[in-house]
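Please look over the sequence and the model before reading on. The paragraphs below go through a few places in turn.

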Protein chains: 4
Amino acid sequence: MELGFLGLGRMGFNMSRRLLLGGHSVVAHDSEALRTQEIMEQGAIGASSHQDMVSKLKQSPKCVWLMVPSGQVTENLVNKVANLLSPGDIIIDGGNSNYHDTIRRHTILKEKGLHFVDAGTSGGIWGLQNGYALMVGGDPEPVKFLEPIFKTLAPENGYLHCGASGAGHFVKMIHNGIEYGMLAAYGEGYEILEKSRYQLDLLAISKMWQNGSVVRSWLLDLAVLAFEQEGNKLDGIKGYIQDSGEGRWTVQEALEQSTPAPVLTLALLQRFSSRQPESFSAKVVAGLRNQVEGDVISSGTKHSDSFCPINVPTRQ
Amino acid sequence: MELGFLGLGRMGFNMSRRLLLGGHSVVAHDSEALRTQEIMEQGAIGASSHQDMVSKLKQSPKCVWLMVPSGQVTENLVNKVANLLSPGDIIIDGGNSNYHDTIRRHTILKEKGLHFVDAGTSGGIWGLQNGYALMVGGDPEPVKFLEPIFKTLAPENGYLHCGASGAGHFVKMIHNGIEYGMLAAYGEGYEILEKSRYQLDLLAISKMWQNGSVVRSWLLDLAVLAFEQEGNKLDGIKGYIQDSGEGRWTVQEALEQSTPAPVLTLALLQRFSSRQPESFSAKVVAGLRNQVEGDVISSGTKHSDSFCPINVPTRQ
Amino acid sequence: MELGFLGLGRMGFNMSRRLLLGGHSVVAHDSEALRTQEIMEQGAIGASSHQDMVSKLKQSPKCVWLMVPSGQVTENLVNKVANLLSPGDIIIDGGNSNYHDTIRRHTILKEKGLHFVDAGTSGGIWGLQNGYALMVGGDPEPVKFLEPIFKTLAPENGYLHCGASGAGHFVKMIHNGIEYGMLAAYGEGYEILEKSRYQLDLLAISKMWQNGSVVRSWLLDLAVLAFEQEGNKLDGIKGYIQDSGEGRWTVQEALEQSTPAPVLTLALLQRFSSRQPESFSAKVVAGLRNQVEGDVISSGTKHSDSFCPINVPTRQ
Amino acid sequence: MELGFLGLGRMGFNMSRRLLLGGHSVVAHDSEALRTQEIMEQGAIGASSHQDMVSKLKQSPKCVWLMVPSGQVTENLVNKVANLLSPGDIIIDGGNSNYHDTIRRHTILKEKGLHFVDAGTSGGIWGLQNGYALMVGGDPEPVKFLEPIFKTLAPENGYLHCGASGAGHFVKMIHNGIEYGMLAAYGEGYEILEKSRYQLDLLAISKMWQNGSVVRSWLLDLAVLAFEQEGNKLDGIKGYIQDSGEGRWTVQEALEQSTPAPVLTLALLQRFSSRQPESFSAKVVAGLRNQVEGDVISSGTKHSDSFCPINVPTRQ
């Protein structure tokens, strides 16, 4: 089928390629003209602007997939594209938007007669080859209409209409939260291995674990690649971990639910710690310890005035 | 090759079967005669006692695999079997022993001229089919000698000589620690899904995640089975989580290393919490909150004596 | 000086009493007439409605202290009272409002020429005797004007103009976050004492710690009271811990700052746990453990099809 | 009464002084002769060796207080002194020994007819002035005999016979664990204050909190001193936090009890983190994130072979 596609970054470009390989007609635009040019070389119809993209869509309803950074960029693009479309048309947000925003946008677009579908997309750079897990939310009608697109993007059985508007982004958010926890679990395990009395070969262990162990997973497969490329010490990697929003939103969601999720939470907090050159909290604790155990007895404090020999109970 | 096998529980029985299927000669004994009988029906040579087992081993060196609970049971069995063997013979501990115990036993057996190999074994009930990931520690010579056994038990590339004595149990311990963290990550994620505003189908989501998602793993495959068997609410499952030792040892090892491993640690502590009908800690906090905010002002306390009107600064 | 006072709950009533004892003129109103009556018996001028209260304030600017639950109740009351006041008048929010709300209200009231001061109030039921620690935020002019009130409510050196609008509620929020952490630290420590091999007398230990120990504190004084009243087992206390908002906001603030605050966070999550009869997360983990270690090998799964005897490497 | 005193470090020296001020006769020795000289100037009887100290004790039973680092130093000293004493004599370990060691030493000394009393000592450098909280364990008879000593060292009501041998060190251990949690709670709270949108004066806030707030404590008093001496930014303090053993033992004890103590545990782990220039765990997580989201698609991996155009479901 025909799909407008806005945002040809690392994710969007490969998703467009996969759609083209699947026989779909893609009308694509990116704010960088070079990216638009490159996807045209893969078979897409290029568009010079959002308006041009919309005008080149010939089927009805028009369907436009957005694959841009969440937050203000998505907000602006949704509004702009909505103004170019007509009742019955469909906007799909494939990015990592907060589901609260998605629900809000869905409501606003509904008032204009537009459909708004959220499609949480997992798979990273491997999606081109393996397909993208798609977590879809929205009204049944447009979701049904988009099925051919979802079937091409996803591997077999790799997409799900999770529920009403926002459900796709919600499930994708939790998916990323779980990813945070799993990554931290591996990270901590490898650190204890690395610091052991044994000279352990983390690459060899990872490869062995890929076969028959309880902890085998796709992330473990990536650990094998990481140790292959960077060596057992990961010398080339800086221990500085970004977070992209969804792990943090997962923790915030848990807080709002009053759900205790200590493992997902600590996985996030460790990322914060990894980005701190020095912790003020640690300075406070160190400073208080100095006060408890230091060798200078300050005078003039509220503590010192209580001491005088007569306060000491005498011999009995 | 020929192998003595002691301990035909859920793990040991299937491992023996796999060895028999692989064409090895297994002389097996279990303290329950019925289990010995059953493995004989699978092709093993039965032994009526430890001594009988050892006497039926014809090749040299004699190799005896122990698959019994860690701790005192393993301790006693190692000592007993060691007394039945001759210099050059090999004992393999395939159980979940603490690696400190393993190193100690290795040293003691070495003085008797015996080899002691540790083989941390992962795979659970699935090992019969899929093979067991084997994490092996010990001296090179006996480990090399046992390779045909390891190759049959493990799937392809599924065993590794990790290092000196104890290294196998060490790596297996960390493996289990990581498993604790991964399980908790999934558990918390599913709980947030379950409590969301959406009526999410956890089984369908799990199946979708199996394909193309970042969190796909063998444990996720098991989640699919669990939701299939127990339903999305897991009504038949009690939220009471045992721990078997290795997760706890992982945390203790991290503490001894001064390695911060908050995610693995919290995964363990949540298991503790799951087993507490009521937390005394929570009672203390609730009791103190009552004191701060309760509506009774106790008299006769150290706080009450400080109040009298003249302590209130007067109007100015 | 003269002060209107709205909200004569546990906190508000005692604060009014303390103001009256300090010689101020208090015009008070509560939605429950009985409470208004009771404070009149303590010397206040009673008001039958918000409007009546405002009309009975004779000095200029009129100052009205709100002591009501945060959230919608405070929102409504701020709006209602603001409509009754004139430019230059002052509203003080002494409740536990979220500082974001406070900043917003300050901005809105400023447009009407009204002053809005936030006064985070600590001290619980003990404040009447000991005074209330007051954390004040807002513009310098109204804060300065209110000093006589603050001086009466607080013990000596017990109030501070922390900064611009919201700073008072912000500091109070963090104060409560710290309280969460301290309470949890005591709670956990007492639980380990309680479960030790010794028959420890928690009351006696608490009393001893009050004198010379590093952990002596006002909360420890309350622990003494709690153990005195409830006994060492706290039998009468349910291990169910409410949270009032500010501890949670502290954690949310830390998340927004990307500040790792694991201790304050876990203190909050433990409160969540205390309120869960059963953890769904624990059910998931228990269910997955069953799958790994259970004794039933399901057929028809993606795992089972990989097993057949010829997959087992044969004897070599 | 008369007391032998071994170990005149920061703690031991001041304790000896307090005993002398209280009218006791102290026969003191330190491995550094200068320290022995200094305590003689305060009124103690100096001893040139352990043997000399014991021989100068004239009363019976002889009582010797040890105030030396825990672990091997204490172990050696207990053994040495025990060999110099006679049945009925008393050794007191006032240091931070692990209570398991204490129980073991008590048993061994009992066989020799000697008494062994443990006295966990809190108060740091402030103990000279304020007295030391003393947590005492051991048999009733020697504990009773030592009461005059305890009464002088402790402030009023500041010592407690907690229970049998080890109970004193056990309670002191938990006391320190609680201290870890409290320090971390303050540290994290101050960090959130420090990073807020407001320019908050941490010293002024701390001073205000000393009066009437819920979080007032002796440690808060020390925070006031720390900010006074080091400034609100604590520029002179390195965020590197030592741990002395007892906090770690508390966590280990909780693990052995299967008691969830997440706040005390995280307080310890944050100390570990403060001492790591870079986290290997963070390197692993960062490395895996690179693999998920990086822009290089590796060839020759187990993932890449699954991709070819015909795997993409075609247009429908």
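At 0% relative accessibility, Y186(B) counts as buried (buried means under 20% relative accessible area, exposed over 50% and partly exposed in between, with a 1.4 Å probe and protein chains only). The model is predicted, so local features need pLDDT of at least 70 and side-chain atom pairs count only at pLDDT 80 or more, while totals for chains, interfaces and linings use all residues. Residues are numbered from 1 along each chain as its sequence is written, chains are lettered from A and ligands numbered from 1 in the order in which they are written, and side-chain values use heavy atoms, with hydrogens and water left out.

Y186(B) is part of helix 9 (residues 167-194) of chain B. Helices (H or I, at least four residues) and strands (E, at least two) are DSSP runs, numbered from the N terminus. Which residues does Y186(B) touch, not counting residues up to four places away in sequence? In chain A they are I178(A) and M182(A), and in chain B they are V215(B), R216(B), S217(B), L219(B) and L220(B). Contact here means heavy atoms within 4.5 Å. L220(B) is 34 residues from Y186(B) along the chain, and the C-alpha atoms of the two are separated by 8.1 Å.

Now turn to chain A. H169(A) sits in helix 9 of chain A and is buried, with a relative accessible area of 1%. A polar atom of the H169(A) side chain lies 2.9 Å from the backbone oxygen of G95(A). A polar contact is a pair of N or O atoms within 3.5 Å; within protein, one must be able to donate a hydrogen and the other to accept it, and residues adjacent in sequence count only if both atoms are side-chain atoms. Leaving aside neighbours within four places in sequence, the residues in contact with H169(A) include D93(A), G95(A), S97(A), D118(A) and M135(A).

Helix packing comes next. Two packed helices are described by the angle between their axes and the distance between the axes. Helix 9 (residues 167-194) and helix 10 (residues 202-209) of chain A have axes that come within 11 Å and cross at roughly 130 degrees. Axes are lines fitted to C-alpha atoms, for helices over the stretch in contact, and angles run from 0 to 180 degrees between N-to-C directions. Helix 9 of chain A and helix 10 of chain A are therefore oblique to each other; angles under 35 degrees count as roughly parallel, over 145 as roughly antiparallel, 65 to 115 as roughly perpendicular and the rest as oblique. On the helix 9 side of chain A, the contact is made by Y190(A), L193(A) and E194(A), and on the helix 10 side by L202(A), I205(A), S206(A) and W209(A). By class, this contact of helix 9 with helix 10 of chain A has five nonpolar, one polar and one charged residues. Ala, Val, Leu, Ile, Met, Phe, Trp, Tyr, Cys and Pro count as nonpolar, Asp, Glu, Lys and Arg as charged, and the others, Gly among them, as polar.

The axes of helix 1 (residues 10-21) and helix 2 (residues 33-41) of chain B come within 10 Å and cross at roughly 20 degrees. Helix 1 of chain B and helix 2 of chain B are therefore roughly parallel to each other. From helix 1 of chain B, R10(B), F13(B), S16(B), R17(B) and L20(B) meet R35(B), E38(B) and I39(B) of helix 2 of chain B. The residues of this contact between helix 1 and helix 2 of chain B divide into three nonpolar, one polar and four charged.

In chain D, seven of the eight residues of helix 10 (residues 202-209) are buried. The buried residues of helix 10 of chain D pack against elements of several chains, among them helix 14 (280-293) of chain A and strand 7 (133-137) of chain C. At the start of helix 10 of chain D, a side-chain oxygen of D201(D) reaches to within 3.1 Å of the backbone nitrogen of L203(D).

Some backbone details remain. A cis peptide bond, with omega about 0 degrees, joins S60(C) and P61(C), and P61(C) lies in the loop between helix 3 (50-56) and strand 4 (63-66) of chain C. N157(A) is not a glycine, yet has a positive phi of about 60 degrees. N157(A) is exposed, with a relative accessible area of 57%. L234(D) has a positive phi near 50 degrees, and L234(D) is buried, with a relative accessible area of 1%.
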